[in-house]
Amino acid sequence: MAQRPGGRHSELFEREVVALLPDLLGAALRLEKNRADAEDLVAECVAAAWQRLPTLRDPAAFRGWMFRILSNRFISQCRARASYRELSVEEEVMEGEDFSLFLRLHQPMLLWWSSPEEQFLDRLLREDLERAVDALPECFRVVVVLVDLQSFSYQEAADALELPIGTVRSRLARGRALLQKSLWLHAQDAGVRPLDRIEPVTRT
């Protein structure tokens, strides 16, 4: 696909973009936090992709290629706004200190019947999770959006963000830890006590 966009390449682009728009907008909403900015980000992504279409040599890689452009546009805009900052290794560890809902909820007896962490997470409102994702530092949020919300593999996310796969794994782990901590603190503030509601199955 090394020629200028046109003909079947134009048709391919239109077909693939239309199919991807819901996913692109969903990711952009989590990155930009409001619909207007998200729609602008997607529009800029599509325009940039159209200009770069001759550089796409493998049509099968179209999805990853589009999300690479989306992610890079988002990071570039954050840098222009001076809101994006790459964290040092020490800062990443500090930002994403180890935290597990399972450790907070764990009681050995409960493991006989169910997963308390899973039941607790199921009770949380979707809005709480979205707010927690929105509050993540950008360097963690981008990875969480790609892997957990868009189902990218670690390698696909690494390729899209042009990062080592080890960095993607580390940032995903830290991002998830921050999400769990945020949700746990919110639940405590709301007076939620999930273990009080978990009752063992009565055997007859």
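Mentor: Glu162 counts as exposed, at 60% relative accessibility. Before we go on, this is a predicted model, where local features need pLDDT of at least 70, side-chain atom pairs count only at pLDDT 80 or more, and totals for chains, interfaces and linings use all residues. Residues are numbered from 1 along each chain as its sequence is written, and side-chain values use heavy atoms, with hydrogens and water left out.

Trainee: What makes Glu162 exposed?
Mentor: The cut-offs: buried is under 20% relative accessible area, exposed is over 50%, and partly exposed is in between, with a 1.4 Å probe and protein chains only. Glu162 has 60%, so the label is exposed.

Trainee: Where does Glu162 lie?
Mentor: In the loop between helix 9 and helix 10; helices here are DSSP runs of H or I, at least four residues, numbered from the N terminus. Glu162 also has a positive phi of about 55 degrees, although it isn't a glycine. Most residues other than glycine have a negative phi.

Trainee: How do you know that the buried residues of helix 9 sit on the same side?
Mentor: The buried ones are Ala157, Ala158, Ala160 and Leu161. They cover an arc of only 165 degrees around the axis, so they are on the same side of helix 9; the arc is that of the directions from the helix axis to the C-beta atoms.

Trainee: Why is the pair of Phe13 and Phe62 called edge-to-face?
Mentor: Rings of Phe, Tyr and Trp (its six-membered ring) pair if their centres lie within 6.5 Å; planes under 30 degrees apart are stacked, over 60 edge-to-face, and the rest tilted. Here the centres are 6.0 Å apart and the planes are at 80 degrees, so edge-to-face it is. The pair links helix 1 to helix 3, with the two residues 49 apart in the chain, and both are buried.

Trainee: What makes a nonpolar core?
Mentor: A set of buried Ala, Val, Leu, Ile, Met, Phe, Trp, Tyr and Cys residues joined through side-chain atoms within 4.5 Å. The largest one here has 47 residues, and Phe62 and Met66 are among those that touch the most other members. Helix 3 supplies the largest share, 9 residues.
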